Amino acid sequence: FEIVFPGNARSDLAEAIAATKKSGRYRYESLHRHRNGQVFPVAIEMTALSSGPGEAPCLLAEVRDLSAVGAEQSEAYIAKEFFQKTFVDAPVGMMMTDGDGRYIRVNRAMCEFTGYSESELLSMRYGDLTDPDDVAQEDLAAQNPTGARYQSFQIEKRYRRKDGCEVWALVFV
């Protein structure tokens with residue numbers, strides 16, 4: 001794998017393997033290295049296969065070269081890579097939640113800020129770390145007077161760290 005996946009794409013592979021084992025199928029875009037050293041974009045669809053009960057799953061990967069796609073798709077891939085790198089390396093805590101407030105992605109700085117590991121945070125909802133008074137305030141801040149949801153807002157709120165300490169944060173949503 002080290003030969004085919006350039007260094008910065010290896011962490012994507014580990015995440016993809018875990019997601020495939022969990023859901024059975026996973027599709028993502030990454031980078032591959034040609035034998036001549038040139039790096040090019042690929043689309044990878046992974047499927048978990050099992051030969052029987054109790055057997056460890058095998059992974060089948062279909063890899064498609066994207067280097068011939070149009071400029072528009074290449075720009076989208078570059079933007080996605082920029083976002084992912086920015087998210088991972090940001091010096092401030094960042095997280096993504098689903099519609100129910102469950103954490104679906106957190107960065108290292110968020111783990112350090114809260115004192116929880118990534119796997120612990122991914123099993124939680126944003127309300128689990130937020131002071132109960134601030135949950136209601138945050139829900140209210142997300143609404144404008146007409147009841148429509150804002151696209152973005154900011155709020156000061158209290159988080160409860162794993163060690164029990166309360167810490168304040170300025171949150172941009």
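Buried residues are those with under 20% relative accessible area, exposed residues those with over 50%, and partly exposed residues those in between, computed with a 1.4 Å probe on protein chains only. The structure is a predicted model, in which local features need pLDDT of at least 70 and side-chain atom pairs count only at pLDDT 80 or more, while totals for chains, interfaces and linings use all residues. Residues are numbered from 1 along each chain as its sequence is written, and side-chain values use heavy atoms, with hydrogens and water left out.

**Overall make-up**

The protein chain contains six helices and seven strands. Helices (H or I, at least four residues) and strands (E, at least two) are DSSP runs numbered from the N terminus. Along the sequence the elements follow the pattern α-β-β-β-α-β-β-α-α-α-α-β-β. The chain has 173 residues, of which 28% are buried. Its accessible surface is about 11500 Å², with 55% belonging to carbon and sulfur atoms; accessible areas come from the Shrake-Rupley method with a 1.4 Å probe, and for residues only the protein chains shown count as cover. A contact means heavy atoms within 4.5 Å. Among contacts in the chain with a separation of 6 or more, 30% are between residues 24 or more positions apart.

**Aromatic pairs**

Rings of Phe, Tyr and Trp (its six-membered ring) pair if their centres lie within 6.5 Å; planes under 30 degrees apart count as stacked, over 60 as edge-to-face and the rest as tilted. The whole structure holds three aromatic pairs. In one of them, F83 and F87, the ring centres are 5.9 Å apart and the planes stand at 45 degrees, so the pair is tilted. Both residues belong to helix α2 (residues 71-89), where their spacing of four residues places them about one helical turn apart. F83 is partly exposed at 38% relative accessibility, whereas F87 is buried at 2%.

Another pair is formed by F113 and Y159, with ring centres 5.6 Å apart and planes at 85 degrees, so this one is edge-to-face. F113 lies in helix α3 (residues 108-114) and Y159 in strand β6 (residues 154-160), so the pair ties together parts that are 46 residues apart in sequence. F113 is partly exposed, with a relative accessible area of 26%, and Y159 is buried, with 5%.

**Salt bridges**

Side chains of opposite charge can pair when their charged atoms come close. A salt bridge is counted where a side-chain nitrogen of Lys or Arg lies within 4 Å of a carboxyl oxygen of Asp or Glu. The count by this rule is 10 salt bridges, including those in the table.

| E112 | R108 | 3.8 Å |

E112 and R108 are four residues apart in helix α3, about one helical turn, and both are exposed. D134 lies in helix α6 (residues 132-141) and R158 in strand β6, so their pair ties together parts that are 24 residues apart in sequence. D134 is buried at 3% relative accessibility, and R158 is buried at 17%. Elsewhere, D98, D100 and R102 are linked in a network of salt bridges.

**Surface patch and a buried threonine**

Patches are made of residues with over 30% relative accessible area and no salt bridge, like charges being joined within 9 Å and nonpolar side chains (Val, Leu, Ile, Met, Phe, Trp, Tyr) within 5 Å. F83, M96 and I104 form a nonpolar patch on the surface, and together they have about 260 Å² of accessible area. M96 is in strand β4 (residues 95-97) and is partly exposed, with a relative accessible area of 32%. F83 is thus a member of this patch and also the partner of F87 in the tilted pair.

T47 sits in strand β2 (residues 39-49). With 14% relative accessibility, T47 counts as buried. Apart from neighbours within four places in sequence, T47 is in contact with T20, G24, R25, C58, L59 and L60.
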